[in-house]
Amino acid sequence: MSQAAGLNFFAARYTEARERFLSAALAARARVTSMEHAMQRGPEGEGLYLDVAVAGDPAAPNRLVVASGTHGIEGYSGSAVQSAWLSGPGPSRLPPDTAVVFLHGINPWGFAHRHRTTEENVDLNRNFIDHGAGPRANPGYAELHSSLVPSEWTEASVAGIFAALDAFRARVGEQAFSDAYNGGQYDFPDGVFYGGRREQWSNQAFRAAIAEHVAGAKAAALIDLHTGIGGWCEHVFLCFHAPGSPAWERARRWWGERAVNRQGSTHKALAVYKGLLIDAFVDLLPGVETTATAIEFGTRSRVEMQKASLSLCWLRRHADRDPALAERVRADYVEAFYPSAPEWREAVLKASEVFLCQAVAGLAGQAP
Ligand SMILES: [Zn+2]
């Protein structure tokens, strides 16, 4: 595929991304099923779906799952990766014992509305916890929260946020800072990295899709596609298998040392995350040999991404106070999670094509 053709898969709207994905799936003779979000619509009144396309034999013993849109807006790039793969030579080269299951738009509300979070401001990647197990306190976040959600969005108010973050970090250290700020919090619905008080529709839809399309496999792998951690045009694997475990060894064998060493991360200390989708994938498939990783495509610096995530909290609550400012903040938010530069988009496609190819070969027992 030419570079220009690949860039066509980076859509401007959810409906466009979805149409391109569905037509690429059709052309590749993948089997498509769609789950509609019964309660929510997109900004133009459009229906919202988790679409599943299975390339290859749906009963194949090995299944590679490639997911996009866990963090809504990050789905634009993930969707492009999926559609490009379906439109390239990948489907016709699949070994007979291996299928690829594409999950398109896991959080379709966030995808369509260009938010990282769900309709309830929930970070879906903190939502896969046992919601019946009682409250989960994050006292560090509780201490920070009021400093993170100013009613004004000005240079001074943003500087105030970062002064509070810096002071907290200086006092508790990098790891405790990351756990408090990024790890997930369950008490402040208007805050950042809010994991929610209940399972989100997207959580249920993901689990239903895994039960339907992956349970029963002998071996299964998950690549959950994200953007926002790592340097510009670079990538970071976030693989949480225990070091030295068979799954960890498989990830290293298939994708190389970078799959397990966090090389390229822009986080000085990675939080101990709660409620991750990739962990849920492993838990949902007892008896299946599972290998799961998130792959992040880097965009901006850590501070810039923190600022973008925090700006969404302001936008959700106070955008009507200053529509012109809200529009500028929103445009900057979109650019932070979905860069428009062709060089960035080309780098995403080029790298991910290799990662998918390596995962197929690894699952099929052809890894080096
Ligand atoms: Zn993400």
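Predicted model: local features only at pLDDT ≥ 70, side-chain atom pairs only at ≥ 80, totals over all residues.
Residues are numbered from 1 along each chain as its sequence is written. Helices (H or I, at least four residues) and strands (E, at least two) are DSSP runs, numbered from the N terminus.

From β3 the chain passes through helix α3 (residues 75-87) to reach β4, a β-α-β crossover that is right-handed, in the sense that, with the strands pointing away from the viewer, the path from the first strand over the helix to the second runs clockwise. Strand β3 (residues 62-67) is joined to β4 (residues 98-104) by six bridges, and the two run parallel; six bridges also join β3 to β5 (residues 219-227), again in parallel. On the β5 side, L64 has A221 as its bridge partner, while V65 stands opposite L222.

These strands belong to an open sheet of seven, in the order β1-β2-β4-β3-β5-β7-β6 and with mixed pairing, where two strands pair if DSSP finds at least two bridges between them. Its edges are β1 (31-41) and β6 (235-238), each of which pairs on one side only. From one strand to the next the twist averages 20 degrees.

Within β3, six of six residues are buried, a term that requires 20 or more other C-beta atoms within 10 Å of a residue's own, whereas 12 or fewer make it exposed and values in between partly exposed, with C-beta atoms placed from the backbone. N62, L64 and V66 point one way from the strand, and R63, V65 and A67 the other way. In a regular strand the side chains alternate between the two faces of the sheet. V65 is, together with V101, the residue with the most contacts inside the largest nonpolar core, which has 104 residues; such a core is a set of buried Ala, Val, Leu, Ile, Met, Phe, Trp, Tyr and Cys residues joined through C-beta atoms within 7 Å. Leaving aside neighbours within four places in sequence, V65 is in contact (C-beta atoms, placed from the backbone, within 7 Å) with V101, L103, V214, A220, A221 and L222.

W201 counts as buried because it has 21 C-beta neighbours inside 10 Å, and, not counting residues up to four places away in sequence, W201 touches H37 and M39.

Two loop residues complete the tour. N121, in the loop between α4 (108-113) and α5 (139-148), has a positive phi of about 60 degrees although it is not a glycine, and N121 counts as buried because it has 20 C-beta neighbours inside 10 Å. C233, in the loop between β5 and β6, likewise has a positive phi, near 65 degrees, but with 18 C-beta neighbours inside 10 Å C233 counts as partly exposed. Most residues other than glycine have a negative phi.

How values were computed:
Axes fitted to C-alpha atoms, helices over the stretch in contact; angles between N-to-C directions. Contact = placed C-beta atoms within 7 Å.
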